[in-house]
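Me: I would like to go through this model term by term and hear what each label rests on. Please show it first.

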Amino acid sequence: MTSKSVFFANLYPGFDELILTFISQLAKRADPVLNRTMAVNLYFSYMFTLINYLPTEALRDKVYVCVDFAQGPIYTDYISRTLSSFDNAFIVVEHRLSKHTDVYLSDFSDPTLAIPQVTWANPPSPADWGELADLTVRVKQAKMQTVVPKTVSDPFSLKRKDASDDKADS
């Protein structure tokens, strides 16, 4: 699997499982014969279609992030808007802890919370944003393991894909 498809598999594991299942089934058929390039193109075409056209309300693998900074509502709103601007369909920004909260993002840690916490200094650094991104992906993957266990092998590594892409074009 390419590094870009691993990225999408981490962000959208349910979509990844569905797409890999479909491509695996298609690869088992004698016609059409898929080469590696065709399988990769199908993967990304389906992934982008699902991301762009499936309503976010239909996704079950959301990660709820409570944003709560001591600098006040203006700073908290700034961080919330910045987080929301990444347009990650799986992140839901909250301003209060709830029964759904998966990650607590603040400028102070709360030892009474039993959920993962990210503590940022003012202003957050690129490394801070990276830490939050990595944590949300891990939380999302953990949630999805209970819903979509990894059962399909990567169709990009099937023997039929080892043939040169040029042979399929002739």
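This is a predicted model: local features need pLDDT of at least 70, side-chain atom pairs count only at pLDDT 80 or more; totals for chains, interfaces and linings use all residues.

Me: Which residues form one aromatic cluster?

Reply: The cluster is made of F69, Y75, Y78, W120 and W129. Rings of Phe, Tyr and Trp (its six-membered ring) pair if their centres lie within 6.5 Å. The structure holds 8 aromatic pairs.

Me: Why is the pair of F69 and W120 called tilted?

Reply: Planes under 30 degrees apart count as stacked, over 60 as edge-to-face and the rest as tilted. The planes of F69 and W120 are at 40 degrees, so the pair is tilted, and the ring centres are 6.3 Å apart. The pair links distant parts of the chain: F69 is in the loop between β1 and α4, W120 in the loop between β4 (117–119) and α5, 51 residues apart.

Me: Are F69 and W120 buried or exposed?

Reply: Both are buried. Buried means under 20% relative accessible area, exposed over 50%, and partly exposed in between (1.4 Å probe, protein chains only). Buried residues make up 38% of the 170 residues in the protein chain.

Me: What makes a group of residues a nonpolar core, and which residues have the most contacts inside the largest one?

Reply: A nonpolar core is a set of buried Ala, Val, Leu, Ile, Met, Phe, Trp, Tyr and Cys residues joined through side-chain atoms within 4.5 Å. The largest has 34 residues, and Y43, V65, V103, L105, W120 and L132 have the most contacts inside it. Elements giving two or more residues to this core include α2 (13–28), β1 (63–68) and α5 (126–147). Helix α3 gives the most, with 6 residues.

Me: What is L105 in contact with, leaving aside its neighbours within four places in sequence?

Reply: Contact means heavy atoms within 4.5 Å. The partners of L105 are V65, C66, V67, D68, F69, I79, V118, W120 and L132. In strand pairing, L105 of β3 stands opposite V67.

Me: How do you know that β1 pairs with β2 and β3?

Reply: Two strands pair if DSSP finds at least two bridges between them. There are 4 bridges from β1 to β2 (residues 91–94), and 4 from β1 to β3, so both meet the requirement of at least two. Both pairings are parallel. V65 has V93 as its bridge partner in β2, and C66 stands opposite Y104 in β3.

Me: Which are the edge strands of the sheet?

Reply: The open sheet has 4 strands in the order β2-β1-β3-β4. Its edge strands are β2 and β4, since each pairs on one side only.

Me: What are helices and strands here, and how many does the protein chain have?

Reply: They are DSSP runs numbered from the N terminus: helices are H or I with at least four residues, strands E with at least two. The chain has 7 helices and 4 strands.

Terms used:
Residues are numbered from 1 along each chain as its sequence is written. Side-chain values use heavy atoms; hydrogens and water are left out.
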